[in-house]
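Me: I am new to this structure and would like to learn how to read its features. Please take them one at a time.

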Amino acid sequence: MKNDNQTMDRAIPAIEQRKRKLKKAAMWAGGFVAVLGIAAWLGTQMMTTVERKSLIISEVDRGTIDVSVSATGRIVPAFEEIIVSPISSQILEVYAHSGDSVDVGTPLLRLDLQSAETDYAKALDELEIKRQQMAQLKANTETQLSDRKMQIEVEEMKLAGLEAQLRNELYLDSLGSGTRDRVRQAETALKTAQLQLNQLRQQYANEQKVKQADLRMQQLQNGIFEKGLNEKRRTLDDAKIRSPRRATLTYINTDIGSTVGAGQKIAVVSDLSHFKAECEISDSHSERVRVGGAVILKIGKERLTGIINTVTPLSQSGAITFTALPDNMSHPRLRSGLRAEVFVITSIKDDVLRIRNGSFYSGPGDYTLFVMKDNLLLPREVKLGECNYDYIEVLSGLEQGEQVVVNDMSKYKGKEKLKVKK
């Protein structure tokens, strides 16, 4: 019994005690790791997930950006002519319909021209009267000037006779056969005749000027009247409504019997084989829009290059308008009435970090973008610069080769991380 008690009271060796402590510590550590694993697994399961197919991922690369500002545009025929009624009249007949292909001179419709033709006939009669009056004025002028010229010739002959008479009296006086009184009488008669001749010549010159002025005035009045008559003739010709070019009839007033006023639109012909874009842009970008500037027209997935053709400098409702001509104005994608995204190229930047343009971008500034790492999306503060229709300039916050979500992720604002579900 004593031996048994001695055995039971014997102390446990230190090595055995250490083994037991290590075993207990290992059990506690394993349990702790298991708890952490379970917590991590639960955290992963509770993390917000997004489907990979819903994301637009762009890799950060380095390249060129054609910096642009966006505008809106509408495709219209490049050449369009509005035909207006040259007179107030009534539509009597219509010969064509919208959508018809017409050639130069193709009749489109007929207006009532009876009143206009009557006015033109009266004007022709007035012109003939004016021509007769002109002929009469010329004849009277020639007669009056001819009479005055004849009087001058008579006075010249009379003066020549008086000069001869004075010479004779002077000769006789020198011989002693004449008298001094007769010489003085001859001299007085000669001076009087000279004054009368000078007066006639002056009157002739004045009458010539007056008659020439009268003729010139009458010619000007007749010329003005003839121009008005020619305008009436052209108006009558225009009133026979015909197509001015080979094109497509896109509009015509088919309301037979209706009255149209002078200057009222009655038809439109358009060249539907060539097109341009009528564009509108915020007037805050007015300094960047210049005639000859480069543009990109985006129609669906098609991108067409072009240039700015005209600019309207006046701002209306905070916008200015301009027209852009595609380099290929007959491109098959162009159709009248189509809407187009228009990008006005303002500058070119080479060798810059860039990402694809996305719906989130609203201009240069600071953004929170999600960067993809393994199967997680991590938010990051990024500073972006200018853009074009394809790329956005990265100023800071991203490195080349990183992958960034470029679609709108505003609903995930404040999330520390997102899990990507394939």
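**Charges, rings, strands and surface**

Reply: Start with a charge over a ring: Lys 265 lies over the face of Tyr 251, 5.0 Å from the ring centre. The term applies if NZ of Lys or CZ of Arg is within 6 Å of the ring centre and within 35 degrees of the ring normal. This is a predicted model, in which local features need pLDDT of at least 70 and side-chain atom pairs count only at pLDDT 80 or more, while totals for chains, interfaces and linings use all residues. Residues are numbered from 1 along each chain as its sequence is written, and side-chain values use heavy atoms, with hydrogens and water left out.

Me: Which ring does the charged end of Arg 354 sit over?

Reply: The ring of Tyr 391, with 3.8 Å to its centre.

Me: How many aromatic pairs does the structure hold?

Reply: Rings of Phe, Tyr and Trp (its six-membered ring) pair if their centres lie within 6.5 Å; planes under 30 degrees apart are stacked, over 60 edge-to-face, and the rest tilted. The structure holds 3 such pairs. One of them joins Phe 360 and Tyr 367: the centres are 5.5 Å apart and the planes are at 85°, so this pair is edge-to-face. For Tyr 361 and Tyr 367 the centres are 5.9 Å apart and the planes at 25°, so that pair is stacked.

Me: Is Phe 360 buried or exposed?

Reply: Buried means under 20% relative accessible area, exposed over 50%, and partly exposed in between (1.4 Å probe, protein chains only). Phe 360 counts as buried because its relative accessibility is 15%. Tyr 367, at 12%, is buried as well, and Tyr 361 is also buried.

Me: In what order do the 4 strands of the open sheet come?

Reply: Strands (E, at least two residues) and helices (H or I, at least four) are DSSP runs, numbered from the N terminus. Two strands pair if DSSP finds at least two bridges between them. The order here is β4-β10-β8-β6, with antiparallel pairing. The edge strands, β4 (80-84) and β6 (101-102), each pair on one side only. Strand β8 (residues 247-252) is joined to β10 (residues 265-270) by 4 bridges, and Leu 249 stands opposite Val 269 in β10.

Me: Is Leu 175 buried or exposed?

Reply: Leu 175 is exposed, because its relative accessible area is 51%. Leu 175 belongs to helix α3 (residues 114-175).
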